[in-house]
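This report looks at how chains meet in the model shown here. Two contacts are taken in turn.

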Number of protein chains: 6
Amino acid sequence: MRPSGRAADQLRPVTLTRHYTRHAEGSVLVAFGDTKVLCTASVLDKVPPHKRGSGEGWVTAEYGMLPRSTNTRSDREAARGKQSGRTQEIQRLIGRSLRSVFDLSALGEYTLQLDCDVLQADGGTRTASITGAFVAAYDAVSTMLEKGQIATSPVRDFVAAVSVGIANGVPVLDLDYIEDSACDTDMNVVMTGQGGFVELQGTAEGTPFSRDEMNAMMQLAEHGIAQLVQAQRQALGL
Amino acid sequence: MRPSGRAADQLRPVTLTRHYTRHAEGSVLVAFGDTKVLCTASVLDKVPPHKRGSGEGWVTAEYGMLPRSTNTRSDREAARGKQSGRTQEIQRLIGRSLRSVFDLSALGEYTLQLDCDVLQADGGTRTASITGAFVAAYDAVSTMLEKGQIATSPVRDFVAAVSVGIANGVPVLDLDYIEDSACDTDMNVVMTGQGGFVELQGTAEGTPFSRDEMNAMMQLAEHGIAQLVQAQRQALGL
Amino acid sequence: MRPSGRAADQLRPVTLTRHYTRHAEGSVLVAFGDTKVLCTASVLDKVPPHKRGSGEGWVTAEYGMLPRSTNTRSDREAARGKQSGRTQEIQRLIGRSLRSVFDLSALGEYTLQLDCDVLQADGGTRTASITGAFVAAYDAVSTMLEKGQIATSPVRDFVAAVSVGIANGVPVLDLDYIEDSACDTDMNVVMTGQGGFVELQGTAEGTPFSRDEMNAMMQLAEHGIAQLVQAQRQALGL
Amino acid sequence: MRPSGRAADQLRPVTLTRHYTRHAEGSVLVAFGDTKVLCTASVLDKVPPHKRGSGEGWVTAEYGMLPRSTNTRSDREAARGKQSGRTQEIQRLIGRSLRSVFDLSALGEYTLQLDCDVLQADGGTRTASITGAFVAAYDAVSTMLEKGQIATSPVRDFVAAVSVGIANGVPVLDLDYIEDSACDTDMNVVMTGQGGFVELQGTAEGTPFSRDEMNAMMQLAEHGIAQLVQAQRQALGL
Amino acid sequence: MRPSGRAADQLRPVTLTRHYTRHAEGSVLVAFGDTKVLCTASVLDKVPPHKRGSGEGWVTAEYGMLPRSTNTRSDREAARGKQSGRTQEIQRLIGRSLRSVFDLSALGEYTLQLDCDVLQADGGTRTASITGAFVAAYDAVSTMLEKGQIATSPVRDFVAAVSVGIANGVPVLDLDYIEDSACDTDMNVVMTGQGGFVELQGTAEGTPFSRDEMNAMMQLAEHGIAQLVQAQRQALGL
Amino acid sequence: MRPSGRAADQLRPVTLTRHYTRHAEGSVLVAFGDTKVLCTASVLDKVPPHKRGSGEGWVTAEYGMLPRSTNTRSDREAARGKQSGRTQEIQRLIGRSLRSVFDLSALGEYTLQLDCDVLQADGGTRTASITGAFVAAYDAVSTMLEKGQIATSPVRDFVAAVSVGIANGVPVLDLDYIEDSACDTDMNVVMTGQGGFVELQGTAEGTPFSRDEMNAMMQLAEHGIAQLVQAQRQALGL
């Protein structure tokens with residue numbers, strides 16, 4: 001029995017609220033149960049140095065947690081004067097995940113800047129961020145098409161993410177904070193709408209895991225991602 | 001005629017949503033029209049060095065804007081590695097304002113840490129922050145009383161804030177972003193529930209202002225603060 | 001009776017020593033009693049990004065305290081690796097105050113960089129800085145006119161600053177360190193030579209202040225500023 | 001055909017040179033072909049705050065690249081004033097990997113500090129670092145046993161790491177820089193001597209990868225790790 | 001002929017003004033011609049970690065230049081967020097020079113903190129700083145003796161510094177900025193009152209220098225230092 | 001008798017291993033006894049701002065110590081976020097020393113970037129760095145000549161460095177760590193192949209030194225440098 005009473009292959013309730021704030025070209029509040037992340041997508045009329053003059057665009061992400069999004073207050077990174085290693089690791093992951101479904105040459109010399117800010121954390125903030133950021137990015141791209149900034153959509157596929165793990169010896173899907181803290185293995189899986197893997201990050205915090213457990217976790221991930229992509233489609237009315 | 005169609009002495013619609021997130025001892029989403037700030041109050045079982053062993057507590061605040069809370073995206077301060085002068089100025093103001101109604105000796109050796117994070121900005125983020133932070137602080141104090149961490153409430157009065165200014169030669173209350181950008185003078189006023197002034201910060205960006213204009217602005221501020229304190233009372237059910 | 005023996009509406013002795021150091025286009029040692037600040041004005045042949053190509057110039061300020069300008073030694077900000085919130089707040093105030101009397105379009109694409117460094121502190125360092133910086137800026141402008149860098153003076157008015165407060169229940173002018181530490185309310189007022197207000201920053205550290213006290217303080221400020229502008233005129237031989 | 005002429009399942013020549021420098025308790029130069037990393041293990045008589053008084057020790061790692069270890073010179077991180085996100089990601093991975101085979105309670109309140117500095121890079125610096133750091137850590141533990149700092153060895157198993165990937169559609173083992181730059185998928189795998197997985201980090205830079213490709217890569221990884229653990233045994237004379 | 005018209009072995013006019021500011025235990029304005037440095041000595045009731053519990057004190061120094069002490073404005077180090085390599089080099093030199101004449105065990109567990117801030121620069125700021133800092137330190141020690149913080153003076157000798165160089169092939173004493181910019185060799189020499197060398201830092205910016213030139217420069221330095229120590233004696237009334 | 005058993009005027013065994021790593025245009029491992037420094041010279045197709053458009057090149061250096069190159073582990077400067085004053089002082093010295101034998105106008109608009117990283121330290125790391133960096137720079141220049149980047153060599157002379165000191169009252173050459181820690185005076189001397197002095201940095205940590213001791217140390221330095229230049233010639237096959 002999982003602490004939340006969920007079945008081993010059951011996601012938490014997922015909601016994707018578009019147009020959550022009004023300034024960004026895309027703005028989505030994503031909830032995976034009690035984990036709530038505000039994902040905005042901004043269209044910037046510039047590209048980083050390594051893309052200048054290339055005719056190609058760029059997709060990148062930043063991530064942050066509000067100081068009291070967590071159970072005990074964390075230091076504010078802006079006040080401490082630097083982002084933690086964990087923060088950088090997560091924002092690099094979000095950026096790579098989104099780029100995997102973007103055709104940068106169709107984006108033109110624009111940057112799609114994603115900002116994922118955790119309002120409330122209960123495990124799985126990076127997987128919720130990726131799942132929500134895709135919807136925000138999609139909305140931003142629609143704005144670009146409407147404005148005539150680009151002629152065709154650079155979005156080649158959906159992308160979503162979910163965590164899987166081994167808790168009390170059992171493979172489970174979409175861990176919340178309590179399960180995550182106690183589990184032996186935690187793996188974040190990022191997949192496309194067509195079912196290809198784009199990122200896989202697994203860590204055994206306790207007992208190492210076996211090939212069989214690996215296979216079981218990947219099956220759960222495929223199952224979960226399919227539902228998340230379905231939720232993205234519904235939110236976008238596709 | 002003001003850009004928003006409001007009367008010169010009219011506030012924007014004010015809402016104070018308590019328990020907006022679940023981890024913090026106090027968590028309030030305050031809206032002054034389209035300006036939306038999440039204010040959390042955290043009870044920390046420690047005090048800064050200058051209060052250690054004094055038997056007194058401390059009240060302090062930090063402030064931040066999500067990168068795309070504004071019309072054009074601002075750099076993330078955590079990524080830039082430092083808080084701007086504006087940010088530090090605002091969080092110092094919030095801290096002083098809240099401390100003005102706290103009896104630190106009744107707080108015990110605890111810190112009440114306020115975090116004001118702007119989700120959406122449309123002018124007046126610092127005044128909304130102070131007004132919302134008071135409600136979050138009040139809730140956190142209630143939690144402390146319930147847990148028996150303190151015996152009597154350290155809250156001596158209400159505190160709220162509003163901006164006033166001279167726009168097109170006319171004194172106006174609670175400026176939104178459009179008015180703020182174009183006005184000659186912008187003044188932030190912080191007052192207690194009993195009508196005393198605790199902070200006054202006025203800047204003439206265009207034509208200097210006169211004693212008469214000053215008096216007119218202060219009258220507007222008194223009028224606005226009275227309504228804000230009333231909104232705080234209602235939100236708290238007092 | 002004030003600690004210094006002064007009358008409630010009496011300034012400390014004010015001196016403005018021009019050409020205090022030899023490299024800067026303007027260099028003034030300002031003393032408000034025992035508070036001594038070296039104000040230099042440098043003419044830089046460049047403007048910040050937001051002014052490039054605009055044909056307009058910029059006026060900005062930086063502020064610092066020598067580590068042992070104070071009674072107990074403060075950390076050197078350069079060694080600590082950042083400027084405090086207080087320092088940034090003050091230098092932003094000095095910059096805004098000076099800009100309020102400058103016609104930036106008459107300045108051409110030059111930056112007037114003010115540096116206010118406190119050699120000895122006894123309260124009122126920010127008001128002395130503004131008052132002295134104006135004289136240094138005026139001298140720098142004269143140099144620019146002599147060199148033909150500009151055709152007409154961009155200086156539209158005088159600007160000076162003074163603190164007022166409520167100490168032991170009595171409104172007083174130009175607080176020194178002892179009074180400042182003990183007073184209920186401290187307000188910094190920046191005014192033009194023609195008597196308009198450009199900045200007002202009041203804080204009640206103890207009891208909140210009333211509208212009547214506010215009026216009394218503003219009257220004292222007007223009285224003090226008039227004398228300071230007179231001192232500036234004399235120093236400049238105008 | 002791979003650029004290096006190796007078979008798909010062939011490692012580069014691996015050498016592990018112990019006692020490479022003389023001050024550290026463990027000092028190993030590890031070479032995976034042209035990738036050369038100096039791994040030192042230092043025994044520190046202190047633990048981080050979260051372990052103080054726990055009776056347990058800690059194992060942690062830092063990573064760096066000499067500026068000209070790479071084909072074109074990279075900025076020195078000490079001169080730039082911060083470690084890149086990539087560096088932090090790698091040093092966190094090395095630390096977690098080593099901790100997975102350590103019994104921290106048998107280590108006593110000591111920190112085993114690993115430093116992995118890349119002298120020459122040709123792909124796979126993080127996997128070489130983990131493989132070499134284990135040998136350095138083992139030597140440092142032997143020193144602790146000799147000195148009587150600990151009574152029994154906290155080392156529970158071997159740990160080593162290797163990269164696998166899909167290059168030109170073919171699963172390959174231990175990618176060098178040329179292959180790594182051009183491949184579709186790159187995965188770093190960390191395993192224990194007994195064949196359990198402790199870390200898995202896979203990224204599809206081009207085409208997403210399938211479950212079948214995933215399986216093929218894991219088989220290659222198992223094959224490679226077995227050889228690396230054998231090399232560790234030989235180097236340690238076990 | 002030197003640019004200043006001085007003889008090759010002639011110092012610039014030297015003045016040492018004690019009690020220049022009022023808060024510090026020692027406060028000296030030293031002038032070497034147009035080079036003017038404010039040197040303060042602060043007595044701190046603490047020592048750095050490596051001296052705690054040793055019964056010994058510490059002497060250390062910090063150095064800074066006001067942004068417009070130089071001909072063209074330099075960036076403010078506090079604003080840039082770090083001290084330059086040059087600044088650190090100089091403050092380390094001042095600290096070592098002063099420590100060379102202090103008996104740290106007679107100082108007790110106090111720190112004598114020297115601050116040398118350049119108000120106006122014309123070459124030789126580091127030698128003026130050392131020469132002035134000694135007088136400030138001596139005054140601070142007198143204060144400590146008066147207050148009974150220490151029983152006997154820890155000052156064992158005088159210490160002063162001067163620059164020598166080869167300009168246009170001729171060995172010269174006490175270079176000003178013009179000479180310093182154009183000379184082949186610049187050497188800073190720190191000596192005690194009894195004529196021992198404590199620091200020597202020579203750099204050939206153009207042609208390397210010979211043993212003979214070295215000897216000539218050292219003779220000039222001895223000559224100059226004797227006069228500077230004499231000026232220190234007179235300033236201190238010894 | 002010296003701790004190492006060497007005669008007073010005897011160097012430690014010196015080795016200069018060229019082509020130590022493969023990416024840099026020049027790469028030399030220099031050993032002065034147990035002090036081992038990897039010196040690389042990189043040819044960069046850019047110059048710092050003050051040389052742009054001048055037709056001249058630049059030679060500069062950075063220095064670092066691996067955390068466990070020393071007897072007890074030092075903090076990693078990249079992790080601490082800044083280079084120490086000592087590091088900056090040393091890398092500035094290396095840069096100046098190398099520039100002293102370079103004709104920057106013959107180098108063209110290239111930067112020769114030297115990186116000196118200490119793998120193992122036993123005193124004299126800065127003198128070994130300079131001596132090794134010259135050989136690496138020479139190799140890099142040869143590469144530039146071969147590639148036709150420059151037409152004639154900008155190298156005008158050899159440059160090498162050695163330490164001398166007064167230990168137990170006796171002048172000695174090339175101090176190792178034990179001697180360096182205990183000596184009264186330590187002086188680093190940089191000379192050209194033709195016997196000119198380019199840098200001299202002497203510090204009396206205990207008793208000040210006399211003119212006679214100075215002369216004795218300089219004689220030892222000349223003797224040592226001659227041997228080091230001979231070792232450079234042999235390593236380069238000149």
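## Interface of chain B and chain A

In this predicted model, chain B and chain A bury about 2900 Å² between them. Carbon and sulfur atoms give 46% of that area. Chain B puts 38 residues into the contact, and chain A puts in 38 residues.

On the side of chain B, the most area is lost to chain A by H23(B), R68(B) and R76(B). Together these residues make up 25% of what that side buries.

## Salt bridges between chain B and chain A

The rule finds 16 salt bridges across the interface of chain B and chain A. R76(B) takes part in a salt bridge with E62(A), side chain to side chain, at 3.0 Å from N to O. R76(B) is also among the residues of chain B that lose the most area to chain A.

## Helix 5 of chain B against helix 5 of chain C

Chain B also meets chain C through helix 5. In both chains this helix spans residues 211-236. The two axes come within 12 Å and cross at roughly 155°. That angle is over 145 degrees, so helix 5 of chain B and helix 5 of chain C are roughly antiparallel. The crossing is right-handed.

From helix 5 of chain B, the residues in contact are R211(B), M214(B), N215(B), M218(B), Q219(B) and E222(B). They meet R211(C), M214(C), N215(C), M218(C), Q219(C) and E222(C) in helix 5 of chain C. By class, this contact has four nonpolar, four polar and four charged residues.

Conventions. Residues numbered from 1 in each chain as written. Chains lettered and ligands numbered in written order. Predicted model: local features only at pLDDT ≥ 70, side-chain atom pairs only at ≥ 80, totals over all residues. Heavy atoms only, no water. Axes fitted to C-alpha atoms, helices over the stretch in contact; angles between N-to-C directions. Helix = DSSP H or I, 4+ residues; strand = E, 2+ residues; numbered from the N terminus. Parallel < 35°, antiparallel > 145°, perpendicular 65-115°, else oblique. Left-handed = near helix turned anticlockwise from the far one by under 90°. Contact = heavy atoms within 4.5 Å. Nonpolar A, V, L, I, M, F, W, Y, C, P; charged D, E, K, R; others polar. Buried area = accessible area lost by both parts, 1.4 Å probe. Salt bridge = Lys/Arg side-chain N within 4 Å of Asp/Glu carboxyl O.
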